[in-house]
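Okay, everyone, thanks for coming.

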Amino acid sequence: MTEVLSEQMGRGSHGGALLEVDNLHVEFRTRAGVAKAVNGVTYSVDAGETLAVLGESGSGKSVTAQTIMGILDMPPGKITGGEIRFRGVDLLKLPDDQRRKIRGEGISMVFQDALSALNPVFPVGWQIAEMFRMHRGTSRADAKKMAVELMDRVRIPAAKERVNDFPHQFSGGMRQRIMIAMAIALDPEILIADEPTTALDVTVQAQIMGLLAELQRDSNMGLILITHDLGVVADVADKIAVMYGGRIVENAPVHDLYRDPAHPYSKGLLESIPRVDQKGQELYAIKGLPPNLLEMPTGCAFHPRCPYRRDNCVTDVPPLYTISGTRGSACHYWREVIDEGER
Amino acid sequence: MKANAESILEVRDLVKHFPLTQGIVVKRQIGAIKAVDGVSFDLHRGETLGVVGESGCGKSTLAKLLMALERPTSGSVRIHGRDITTARGSELKRMRRNIQMVMQDPYTSLNPRMTVGDIVGEPFEIHTDVVPKGGRRRRVQELLEVVGLNPDHINRYPHQFSGGQRQRIGIARGLALQPEIIICDEPVSALDVSIQAQVMNLLERLQNEFDLAYIFIAHDLSVVRHISDRIAVMYLGKIVELGSDAQIYDGPTHPYTQALLSAVPVPDPEGRETRQRIILQGDPPSPANPPSGCHFRTRCWKAQDICAEQTPALEARPGSDHPSACHFAEARDVVNAQ
Amino acid sequence: MSDPTATQDLIKGAGEPTASPVAVRGDRRSLWRDTWDILKRRKIFWISFVMLIVFLLMAAFPTLFTHKDPEYATLAKSMEGPSADAWFGYDLQGRDVFARSVYGARTSIIVGVLATLATVLLGGLTGVLAAYFGRWIDAVVSRVGEMFLGLPYVLGAIIILGTVTPAQSNPGKAMIMAVVIIVLALLGWPILMRIARSAVIQAKHQDYVQAARALGAGPLRLIFRHLLPNSLAPILVYTTITIGSYIGAEATLSLLGIGLRPPVISWGIAIADHASYMRTGAHALLFPAAFLSLCVLTFVMLGEAVRDALDPKLR
């Protein structure tokens with residue numbers, strides 16, 4: 001971080017969390033119409049904390065992450081409202097050069113598909129070293145040495161010998177490690193991991209999640225884990241934001257959400273997981289389809305699929321009701337959802 | 001989901017090696033990828049055999065071999081006693097009626113330039129004697145109804161449907177010829193979580209209704225367990241363990257099965273701090289150059305000298321009640337122990 | 001499985017398709033009928049269609065457009081500019097430029113369309129065969145194609161045309177045109193072969209082709225129902241561009257004195273004859289060139305409209 005920026009965003013000089021997304025709205029202008037991808041998302045993450053953003057395709061979870069990183073394609077994307085505060089400063093109002101500085105040094109990101117995120121024509125060591133040369137102006141030799149150290153840190157065996165290998169020479173799990181090495185190269189304070197293990201096999205997935213947890217512990221990073229996998233979330237998250245139709249429908253500490261979900265959608269997801277004692281029985285299935293972003297349902301976006309629906313769900317958009325200091329649910333009937341327990 | 005004893009599919013010593021060649025004009029074989037390397041199992045009428053394994057274990061190649069989309073290097077696949085791997089021409093075409101498949105990706109498995117009616121009706125155009133020409137359209141609409149789609153949507157194109165609906169179209173196509181066996185190659189892994197359960201329920205209902213036998217290939221162990229009567233675990237082209245769902249999940253004897261089950265994240269945060277995990281080191285070796293003896297020995301914590309020298313046979317050993325390809329097979333409950 | 005009532009409860013969970021309906025009528029649809037339905041609604045299709053009709057009429061019945069004799073030369077009027085008498089003026093030999101442009105349409109369009117047709121048939125067929133059967137057929141077709149592709153276009157044309165119809169010989173109109181068409185197709189097919197081959201190879205690995213194979217579909221069904229419809233877009237685009245570029249190539253060959261030549265009348269010859277009079281008599285060059293450009297534009301627009309209509313996703 002440059003001098004200017006550090007002054008501007010001195011540690012602890014602001015009241016809120018390390019990173020706060022506040023009432024963010026993002027749209028895509030397409031030929032077929034305006035797709036409202038993110039409709040007022042609010043969440044925050046602090047140093048050392050793991051926030052899991054849970055949602056299906058089209059829920060807006062990745063778009064929110066791309067907006068935080070400032071890598072959203074605009075157009076067709078357009079930010080129509082809200083703030084993203086990092087250390088109290090609104091990133092959306094920063095000029096491009098300062099934004100670029102924060103990318104990598106303040107906030108960085110790991111993508112799902114490591115093969116396409118790495119440049120196939122450069123050795124991996126060179127690509128990691130480039131981070132130091134670009135942001136810090138480190139000399140070629142030093143940067144390479146630091147790249148080897150990083151590859152060691154993400155447990156790539158024989159890092160010294162492999163530093164000149166190309167991305168295709170690595171397995172999927174190793175490539176994801178290289179991506180992680182690049183992401184943590186500049187000691188970011190926030191790491192966003194967008195489906196980091198979805199493309200990986202189960203046994204390799206466990207390794208990568210373990211590595212992420214360890215890195216987070218060592219450097220006290222804030223981690224935003226974007227995923228659709230309820231198992232992964234249960235394993236590592238401190239708190240969860242469940243997204244549906246571009247909104248946060250529930251946020252809660254991890255134990256609370258799994259014990260008694262307060263939104264019909266989160267509840268439906270949890271109940272549709274095949275369980276041992278249900279063998280041979282019909283699975284609980286949320287009926288219907290995820291919403292079409294071009295034609296969002298009126299009122300609560302989940303109402304066409306919701307077993308708790310009443311008349312006002314069709315007309316009134318539910319705010320994120322506060323359940324307790326750390327919990328919220330965007331359902332008019334959250335009390336009922338909690339009280340009813342398991343169906 | 002009762003399983004009759006009658007075997008309708010018998011797979012024996014199935015091997016598929018893809019040659020690795022060098023040179024453009026004169027091709028020289030420099031090795032082989034042993035995608036499927038000696039697989040044997042039976043499938044009974046009306047049962048579901050789950051096949052689990054990680055990428056590169058050969059489960060998709062196995063599906064292609066069973067469907068006669070690839071010719072095996074050796075071995076046989078017998079459907080009602082007749083070998084589909086050696087069948088040709090009209091005999092092969094006739095045998096195909098009995099074995100169909102549902103594919104993983106609902107976005108690439110349907111021809112984007114054909115209407116739903118043409119896609120589901122194509123089996124009848126190929127096998128013209130199944131349904132007379134005049135009745136085909138009606139039949140396609142019935143099939144759409146069976147899989148829970150609106151029969152009036154027969155003239156729509158695949159892109160007008162969501163992923164889950166497209167998967168239903170693929171299932172309708174698979175059902176059209178009334179096969180006894182359907183191979184499901186990762187049928188729900190490309191779908192959203194909330195849609196997966198819908199498609200799983202559909203598959204189970206169709207099984208009961210039409211007495212179908214499934215080979216259910218997947219990497220998601222909780223999904224496989226839910227639907228399968230028996231489960232085969234594959235690693236680098238071989239079946240390493242084969243047993244009933246309870247045998248595999250409650251008392252796995254092969255270290256790889258134990259590691260696989262242990263690695264699956266449990267969707268329950270309670271007690272996660274104390275959970276014991278078997279975390280395997282490294283990645284699976286390349287199927288072009290698998291380790292000698294037991295393929296799993298390079299990642300196994302139990303490996304000894306014998307593992308490098310002798311390939312363990314898939315057989316029941318003292319202390320276990322089902323076949324396992326490990327010299328030191330020993331039941332260990334990794335799921336409930338957590 | 002024929003009892004729909006027993007399966008009503010299966011419908012649970014299946015919603016309505018999200019997209020708007022294209023055709024929810026009871027009659028059976030096919031790709032070609034739907035394509036036509038879409039085309040009917042496209043303005044660009046009708047514009048290019050009308051232009052195409054005009055050019056085709058011009059080629060078939062030039063007397064509908066002009067009463068002048070394109071061969072009638074009045075040397076005194078050489079390079080005279082446009083006037084009420086001759087809208088486009090007179091060319092180097094004092095012939096009416098408008099009349100010659102109208103009469104040139106026939107040759108230019110015949111050469112362009114037939115040469116393209118030959119290219120598409122030759123290149124498309126070899127490309128599909130190479131991609132579908134692979135192995136040695138692919139190797140042979142690809143290598144032969146590369147050999148032809150390695151020939152410099154102009155050099156190849158000079159050698160062939162110079163041998164078959166040398167400048168001092170006096171072949172008939174039809175003979176010259178036929179030879180030019182064959183030369184263009186012979187030198188142009190490898191590009192189309194490669195486009196068709198790569199498009200089919202791409203389609204071949206799609207799951208729906210595997211699914212059709214698993215149903216027992218034979219090669220003809222695979223090629224005509226699955227591979228070709230999904231490989232058509234790039235072939236069609238290149239085809240429309242080719243018509244234009246062949247009409248232009250015909251002009252190039254004429255310019256070099258080895259392609260079409262008098263007594264044939266064509267836009268290419270007109271452009272070639274007046275290429276060096278750009279500054280003194282641009283009209284004699286520009287009007288035939290404008291006809292050529294409009295004709296090329298017509299085919300390109302038509303091709304684009306058809307390609308879009310063929311893709312159900314763009315509907």
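Strands are DSSP runs of E, at least two residues, and helices are runs of H or I, at least four residues, both numbered from the N terminus. Bear in mind that this is a predicted model, where local features need pLDDT of at least 70, side-chain atom pairs count only at pLDDT 80 or more, and totals for chains, interfaces and linings use all residues. Residues are numbered from 1 along each chain as its sequence is written, with chains lettered from A and ligands numbered from 1 in the order in which they are written.

Let's start with chain B. Here 6 strands make an open sheet, in the order 6-7-8-3-9-10, with mixed pairing. Strand 6 (99-102) and strand 10 (238-244) of chain B are at the edges with a single partner strand each, so one side of each has no neighbour in the sheet. Further in, strand 7 (residues 181-185) and strand 8 (residues 213-218) of chain B run parallel, joined by 5 bridges. And Cys184(B) has Phe216(B), in strand 8 of chain B, as its bridge partner.

Now chain A. It's split into domain 1 (15-237) and domain 2 (261-340), with bounds from an automatic or database domain assignment. Their C-alpha centres are 29 Å apart.

So what holds our attention at the boundary? The contact uses 8 residues from domain 1 of chain A and 7 residues from domain 2 of chain A, counting residues whose C-beta atoms, placed from the backbone, lie within 7 Å. On the domain 1 side, strand 2 (residues 33-45) of chain A gives the largest share, 4 residues.

Methods: Pairing = 2+ DSSP bridges. Contact = placed C-beta atoms within 7 Å.
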